[in-house]
Amino acid sequence: MSAPSRGLLSRLRPLSFSISVGLRTPSSSRLFSANVLEISSRIIESKPGVMTPNSKRTGAIAVKCGMTALWDKWGERIPITILHMDDNIVSQVKTPEKEGISALQVGCGHKKEKHLTKPEVGHFRVHGVPMKRKLREFPVTEDALLPVGTPIGVRHFVPGQFVDITGITRGKGFQGGMKRWGFKGMPASHGASLSHRSIGSTGQRDAPGKVFKGKKMPGRMGGKQRTVKNVWVYKIDPARNLMWLRGQVPGAEGNFVFIKDSVFKKPDVSLLPFPTYFAPEDEDPDTLEPLLADVGDIDPFMAAD
């Protein structure tokens, strides 16, 4: 018996689909729709909670403003990076029942509708939030979920805690091996001609007779995502949504960076606002004073930590 033709199979597929649809019982479809309605009716409240050691808060988006410097008691210059958290709000909530994960999408800044694509405009309109310039998704635990539209200010973090900063490094363009990898270069005398900054030999002899993959060679430098861990929060200014961090942060001035609680140097859960800081109704943000970290007996700006 010969195999059925391709055209015959294509005509039989709609028939088999209609038969399978007819075999479904009404009770099963009603049960499925009831489960969906039950799952979608989950309510996420905006209220303070109790943070546990296993809880994971959301992060925030900031703009790198610039750098300044402080001096310790030995006269050593310590770099300080200033970040601006520009109107962060929760723009989307992802729950395990619907998306299969527990995460919050945070939006930062402002952008005109004419500068956004239609899918982006539709995304903001569906969730009822203003047009945002930058979006970032942060995985959280279920007890740290926040409703859409919740603002996340600079008081989400506490002076004295450690955070992890992620950003795109400065692009250096195409660079040689000495600048890109720190190679020594060739001799400056003894017959070296027009090859002072050369990286030297990159291959072997007849065996294997090739250059291995991953060899450090000239190429494009910078412009990659990097994370600086355990950055110490020195000061926050709630009136202007500014943060002062000890050390350097990846990226150029004006770039977006992403801040979250440190993974290795975990902050004290009793000091952090959970799931975020909720300002009292009678609080005037314009009259708030900057908050400094408690230095104590140990100088945090020591050159040798």
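This is a predicted model: local features need pLDDT of at least 70, side-chain atom pairs count only at pLDDT 80 or more; totals for chains, interfaces and linings use all residues.
**The protein as a whole**

Let's start with the overall picture. The protein has 305 residues, and buried ones make up 32% of them. Its secondary structure consists of four helices and 13 strands. Among contacts with a separation of 6 or more, 74% are between residues 24 or more positions apart. The accessible surface comes to about 19700 Å², and carbon and sulfur atoms account for 55% of that area.

**Salt bridges**

Side chains of opposite charge can pair when their charged atoms come close. The table lists some of the pairs found here.

| Salt bridge | Closest N to O distance |
|---|---|
| Glu-45 with Lys-47 | 3.2 Å |
| Lys-94 with Glu-137 | 2.7 Å |

Next comes the salt bridge between Lys-94 and Glu-137. Lys-94 lies in strand β3 (residues 88–94) and Glu-137 in strand β5 (residues 134–139), so their pairing ties together parts 43 residues apart in sequence. Glu-137 counts as partly exposed, at 34% relative accessibility.

Glu-45, the partner of Lys-47, is also partly exposed, with a relative accessible area of 48%.

**Helix α3 and what covers it**

Now for a helix. Which residues of α3 (residues 118–127) are buried? They are Val-121, His-123 and Phe-124. These three lie on the same side of α3, because they cover an arc of only 160 degrees around the axis. An α-helix has 3.6 residues a turn, so residues three or four places apart point the same way. On the other side of α3, the exposed residues are Lys-118, Pro-119, Arg-125 and Val-126.

What covers the buried residues of α3? The cover includes β3, β4 (103–108) and β5. Strands β3 and β5 are also the ones that hold Lys-94 and Glu-137, respectively. After α3 comes Gly-128, which has a positive phi, near 70 degrees.

Terms used. Residues are numbered from 1 along each chain as its sequence is written. Side-chain values use heavy atoms; hydrogens and water are left out. A salt bridge is a side-chain nitrogen of Lys or Arg within 4 Å of a carboxyl oxygen of Asp or Glu. Buried means under 20% relative accessible area, exposed over 50%, partly exposed in between (1.4 Å probe, protein chains only). Helices (H or I, at least four residues) and strands (E, at least two) are DSSP runs, numbered from the N terminus. The arc is that of the directions from the helix axis to the C-beta atoms. Contact means heavy atoms within 4.5 Å. Accessible areas come from the Shrake-Rupley method with a 1.4 Å probe; for residues, only the protein chains shown count as cover.
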